[in-house]
Amino acid sequence: MDDNSSKSDVQKAEDLKIQANDAFKANKFAQAIDLYSQAIELNSSNAVYWANRAFAHTKLEEYGSAVQDATKAIEVDPKYSKGYYRRGAAYLAMGKFKEALKDFQQVKRICPNDPDATRKLKECEKAVQKIRFEEAISVGHTETRSIADSIDYHTIEVEPQYTGARIDGDAVTLDFVKQMLDDFKKQKCIHKRYAFQIVLQARDLFRSMPSLVDVNVPNSGHFTVCGDVHGQFFDLLNIFELNGLPSEENPYLFNGDFVDRGSFSLEVILTLFAFKCLYPRAMYLARGNHESKSMNKIYGFEGEVKSKLNDTFIELFAEVFCCLPLAHVINNKVFVVHGGLFSVDGVKLSDIRAIDRFREPPEEGLMCEILWSDPQPQLGRGPSKRGVGLSFGADVTKRFLQDNNLELLVRSHEVKDEGYEIEHDGKLITVFSAPNYCDQMGNKGAFIRFTAPELKPDIVTFSAVPHPDVKPMAYANNFLRMFQ
Ligand SMILES: [Mn+2]
């Protein structure tokens, strides 16, 4: 009889938990989830396993799964405060402040003398109050008034002592962009006048584009698709180092989630917008789920813009994000969206073209699903591990491509160890361009280079480069950071 078989299931489960905790500490969250799952298989009545797996899901931004696991922990042991705590933290990460508040109140009830629980409850109450206040003052304003239309950057004076990059006249030039990149590297921001100019001109360009953009790459020309950058400006510069600056001969598509998490999100978005102004037909940008007010409030972009520019820019960026196209099709063959496919079959490209995208992302429907969905290994469709959108299988991908006479689906939205992953029998590629995501995940970044007419995906991977000592999430919602 070997040692393992003499152990009870309860003991084996405890051993697995110890291994899982070690994996968690090494930031191997997927592996930790797998080990906790094995422990749960052997002993499902230990609330600690459920609560710990919930935390690992939170680390992978799988907040829907985290809520499910934490709820299970609460069912198994209603007196276990960690269950409520983990569920509260997951709700918080989803922006569901009221649900989070209820859970933290429960934590406080179970541990009335815990100073940590008291402090977090207080912070949560403050956050809910702030949200209610902001909701109250924004009522009636949102649809009617355009902040962009109210700004004339020409009237903003540039002080003579300003030493940063300057634009003479109305056209963004390559010299300006290069100077701006140098300023950003030295952690200098550009003058508000030029920031306004870039954002407003980019807005005009995006507004005139359809919700689904057809990209034409001429024979022997190439085209590069990048995934999430998430405020990692120095890694963005590294992409340009490896693959060349954008130009008419070297066009790019950045596939959403430019901002949030990383603390150089403003530098990233101004760089991408400036290249859009410089080369409108060589820089394409698609909306990601993080190009939205609710995400930017929680995950850092709002705080960063407030700190580096001012409140007006917060509103302005929110408005421009609502103008970003949702989907791109390269040479009628390659379909590119941030998240993925849909909860119904039979969606045609014309349906996507017809989406009225000039709004904050809705909580359901085609626009929501394009921004939020993920592929799954199983066939068919399943609930989203994130709690928004859905998971779709290889059969869904194949039918969509077939129905629309397409060959390949490229999407981003998920961190991958190698920077990319090929799934669904080669019909779906995930590309993610934020290496060592959040200075924590140890992943590579990737981009895909397509050359016409074959459009064979040529994938290049790269590692993270150093950045100045400003931690990811430095500008994020204080309250959220307490739980990370
Ligand atoms: Mn995303």
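This is a predicted model: local features need pLDDT of at least 70, side-chain atom pairs count only at pLDDT 80 or more; totals for chains, interfaces and linings use all residues.
User: How do the axes of H1 and H3 cross, and at what angle?
Analyst: Helix H1 (residues 9-25) and helix H3 (residues 47-59) cross at roughly 25°, and their axes come within 11 Å. H1 passes H3 in a left-handed crossing.

User: Parallel or antiparallel?
Analyst: Roughly parallel, because the angle is under 35 degrees.

User: OK, which residues make that contact?
Analyst: From H1 you've got Val10, Ala13, Glu14, Lys17, Asn21 and Phe24, and from H3 there are Val48, Tyr49, Asn52, Phe55, Ala56 and Lys59. By class, that's seven nonpolar, two polar and three charged residues.

User: Switching over, what about H10 and H11?
Analyst: The axes of H10 (residues 233-243) and H11 (residues 265-278) come within 9 Å, crossing at roughly 35°. That crossing is left-handed too. Phe233, Leu236 and Phe240 of H10 touch a set on H11 made up of Glu267, Val268, Thr271, Leu272 and Phe275.

User: And how does that contact split by class?
Analyst: Six nonpolar, one polar and one charged.

User: Now the cores. How many residues are in the largest nonpolar one?
Analyst: It has 85 residues, and Phe176, Ile190, Ile198, Phe254, Phe273, Leu316 and Phe317 have the most contacts inside it. H11 gives the largest share of this core, with ten residues.

User: What is leucine 316 in contact with?
Analyst: Setting aside neighbours within four places in sequence, leucine 316 is in contact with Ile147, Ala148, Ile151, Phe196, Val199 and Leu200.

Note on methods: Residues are numbered from 1 along each chain as its sequence is written. Side-chain values use heavy atoms; hydrogens and water are left out. Axes are lines fitted to C-alpha atoms, for helices over the stretch in contact, and angles run from 0 to 180 degrees between N-to-C directions. Helices (H or I, at least four residues) and strands (E, at least two) are DSSP runs, numbered from the N terminus. A crossing is left-handed if the near helix is turned anticlockwise from the far one by less than a right angle, and right-handed if clockwise. Contact means heavy atoms within 4.5 Å. Ala, Val, Leu, Ile, Met, Phe, Trp, Tyr, Cys and Pro count as nonpolar, Asp, Glu, Lys and Arg as charged, and the others, Gly among them, as polar. Angles under 35 degrees count as roughly parallel, over 145 as roughly antiparallel, 65 to 115 as roughly perpendicular and the rest as oblique. A nonpolar core is a set of buried Ala, Val, Leu, Ile, Met, Phe, Trp, Tyr and Cys residues joined through side-chain atoms within 4.5 Å. Buried means under 20% relative accessible area, exposed over 50%, partly exposed in between (1.4 Å probe, protein chains only).
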